[in-house]
Amino acid sequence: MADNKAEAQFANLDDLFAASLDDIADLPSFEVPSKGAYIGTVTTAIKEVNKKPAIEVTYTILETVELEDSDDKAPAPGAKFSTAFILGTPIAEGFLKQFLAPFAEHFGTTNVGELIRDLIQDVQIAFTLGHRADKEDKEKFYAVVKNVTVA
């Protein structure tokens, strides 16, 4: 999932055509990073997933603090991954409440709409990242973010 809201690197075709491939920024990775501790930013958005309302949380890695397995490769700064809370079940809503708790404390509000729509936009955090295997494909992993501290 590309961030189409980012500012274009080239203002016009002449600038682009005068550039070398080395001048063009690489796309950020959008894979689940290795287990470990990170500094990053987080942004929330309202989205539809499988025709159900959801809250998408996009994380951008700024720095790798420590990897759980020292043989793993650290993600490059700017790497992104996301999680989603698909609404309509008490479990998803409970996980959403857990996610929002440190932001509510930091911003001094418990209003869910205000937190999601207005406040959690490029907020710097420290967090640990784990993995959860897909129920049907044990080779596929999802990010599990824990121990969030808002900077």
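**Thr109 and its surroundings in a predicted model**

Setting aside residues up to four places away in sequence, Thr109 touches Ala104, Glu114, Leu115 and Leu119, where contact means heavy atoms within 4.5 Å. The model is a predicted one, in which local features need pLDDT of at least 70 and side-chain atom pairs count only at pLDDT 80 or more, while totals for chains, interfaces and linings use all residues. Residues are numbered from 1 along each chain as its sequence is written, and side-chain values use heavy atoms, with hydrogens and water left out.

The position of Thr109 is in the loop between helix 2 (90-107) and helix 3 (112-119); helices (H or I, at least four residues) and strands (E, at least two) are DSSP runs, numbered from the N terminus. Thr109 counts as buried because its relative accessibility is 16%, buried being under 20% relative accessible area, exposed over 50% and partly exposed in between (1.4 Å probe, protein chains only). The side chain of Thr109 makes a polar contact of 3.1 Å with the side chain of Glu114. A polar atom of the Thr109 side chain also lies 3.2 Å from the backbone nitrogen of Asn111. A polar contact here is a pair of N or O atoms within 3.5 Å; within protein, one must be able to donate a hydrogen and the other to accept it, and residues adjacent in sequence count only if both atoms are side-chain atoms.

Turning to the whole chain, the protein has three helices and five strands, arranged from the N terminus as α-β-β-β-α-α-β-β. Its C-alpha atoms fill a box of roughly 55 × 40 × 35 Å along the principal axes. Of the 151 residues, 28% are buried. Among contacts between residues at least 6 apart in sequence, 54% join residues at least 24 apart.

Confidence comes next, given as pLDDT, the predictor's confidence in each residue, from 0 to 100. The mean pLDDT of the protein is 90, with 91% of residues at 70 or more.

Phe127, in strand 4 (residues 123-133), counts as buried because its relative accessibility is 2%. Beyond four places in sequence, the contacts of Phe127 include Tyr38, Ile39, Ile61, Phe81 and Val148. Phe127 and Val148 are separated by 21 residues in sequence, yet their C-alpha atoms are 4.5 Å apart. Thr44, in strand 1 (residues 36-49), is likewise buried, with a relative accessible area of 4%. Again leaving aside neighbours within four places, Thr44 is in contact with residues including Ile55, Val57, Phe99, Leu115 and Ile120. Leu115 is also among the residues that Thr109 touches.

Most residues other than glycine have a negative phi. Asn50, in the loop between strand 1 and strand 2 (52-67), is not a glycine but has a positive phi of about 55°. Asp122, in the loop between helix 3 and strand 4, also has a positive phi of about 55° without being a glycine. Asn50 is exposed, with a relative accessible area of 67%, and Asp122 is exposed as well, at 58%.
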